[in-house]
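Hi everyone, thanks for coming. Let me bring the structure up on the screen, and then we can walk through how some of its pieces pack together.

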Amino acid sequence: MASRTGLLPPELHAYINAHSTGPDPLLLELATETAERFARSAGMQIGPDQGMLMTLLARLSGARDAVEVGTFTGYSSICLARGLAPDGHLLCCDISDEWTTLARRYWDRAGLSDRIELKLAPALETLRALPADTAFDLAFIDADKPSYVDYWDALVPRVRPGGLLLVDNTLWAGQVTDPSAQGEALDAIRSFDDHAAADTRVELVIVPIGDGLTVARKK
């Protein structure tokens, strides 16, 4: 599985993957089927190095209750769910029945269907409809970029102190520092990065993995 971006030289990215715990056969099969069935959208799938990092972060933080905004075909949700505590629960928010039908099949094969709940609706509607006392140990945002600030503002209050927020694509193939690069999604990422960095409720770092992954801890 190749890097989705150009953040790292190909030989360094290959070295990292060769010296990291790689995806198991099920994840490899999911990545292959995603590429075959949804070739135009396959770049939305996280890479194996990021998937392993997310599993480790979920496991190391002791997360039990998690939420994912933007599920696609299920690679990231499998990585997160595998890292949760044995009684863990992952709420997945997406609007595509076509993509998530593939995700549900792989959740079942991974033995994770009992800990993953899918809501097919706009994510903000799902989050705002949750009971007021609903709280999460971990949140992952990887959906439409213009709504990133809204997702962040909806989720930060619901993450427990000490909990994590992970946000994908926050370096946008390195274009965030290129003043000549423009576009709705890129502008939204820049706005989100500024917004998150100024949020005194969290401490955070952008990790140059995949397309850039913001890792934030709720104070």
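So, how are helix 2 and helix 5 oriented to each other, roughly parallel or roughly antiparallel? Before we get there, please keep in mind that this is a predicted model. Helix 2 covers residues 25-37 and helix 5 covers residues 97-109, and the two pack at an angle of about 165 degrees. Angles over 145 degrees count as roughly antiparallel, and therefore helix 2 and helix 5 are roughly antiparallel to each other. Their axes are 11 Å apart, and the crossing is right-handed.

Who makes that contact? From helix 2 we have Leu-26, Glu-29, Leu-30, Glu-33, Thr-34 and Arg-37, and from helix 5 come Leu-102, Arg-105, Tyr-106 and Arg-109. Sorted by class, this contact of helix 2 with helix 5 holds five charged residues, four nonpolar and one polar.

Now let's turn to helix 3, residues 48-60, and helix 4. Their axes come within 7 Å and cross at roughly 30 degrees, which makes helix 3 roughly parallel to helix 4. This crossing, too, is right-handed. On the helix 3 side, the contact is made by Pro-48, Gly-51, Met-54, Thr-55, Ala-58 and Arg-59. Helix 4 answers with Tyr-75, Ser-76, Cys-79, Leu-80, Arg-82 and Gly-83. The classes here are six nonpolar, four polar and two charged.

Tyr-148, Val-149, Trp-152 and Asp-153 of helix 7 meet Ile-189, Ser-191, Phe-192, His-195 and Ala-196 of helix 8. Six of the residues in this contact are nonpolar, two are polar and one is charged.

How much space lies in it? About 560 Å³. It is lined by 31 residues, and the closest to its centre are Met-44, Asp-142, Ala-143, Asp-144 and Lys-145. Helix 4 comes back here: helix 4 (75-83) and strand 2 (89-94) are the elements that give two or more residues to the lining. By class, the lining has 15 nonpolar, 10 polar and six charged residues.

Terms used: Residues are numbered from 1 along each chain as its sequence is written. This is a predicted model: local features need pLDDT of at least 70, side-chain atom pairs count only at pLDDT 80 or more; totals for chains, interfaces and linings use all residues. Side-chain values use heavy atoms; hydrogens and water are left out. On a 1 Å grid over the protein atoms alone, a cavity is a set of points where a 1.4 Å probe fits but cannot get out, and a pocket is an open set with protein on both sides within 12 Å along at least five of seven lines; lining residues have an atom within 4 Å of a point. Grid points are joined across faces, edges and corners, and a volume is the space filled by probe spheres set on the points. Helices (H or I, at least four residues) and strands (E, at least two) are DSSP runs, numbered from the N terminus. Ala, Val, Leu, Ile, Met, Phe, Trp, Tyr, Cys and Pro count as nonpolar, Asp, Glu, Lys and Arg as charged, and the others, Gly among them, as polar. Axes are lines fitted to C-alpha atoms, for helices over the stretch in contact, and angles run from 0 to 180 degrees between N-to-C directions. Angles under 35 degrees count as roughly parallel, over 145 as roughly antiparallel, 65 to 115 as roughly perpendicular and the rest as oblique. A crossing is left-handed if the near helix is turned anticlockwise from the far one by less than a right angle, and right-handed if clockwise. Contact means heavy atoms within 4.5 Å.
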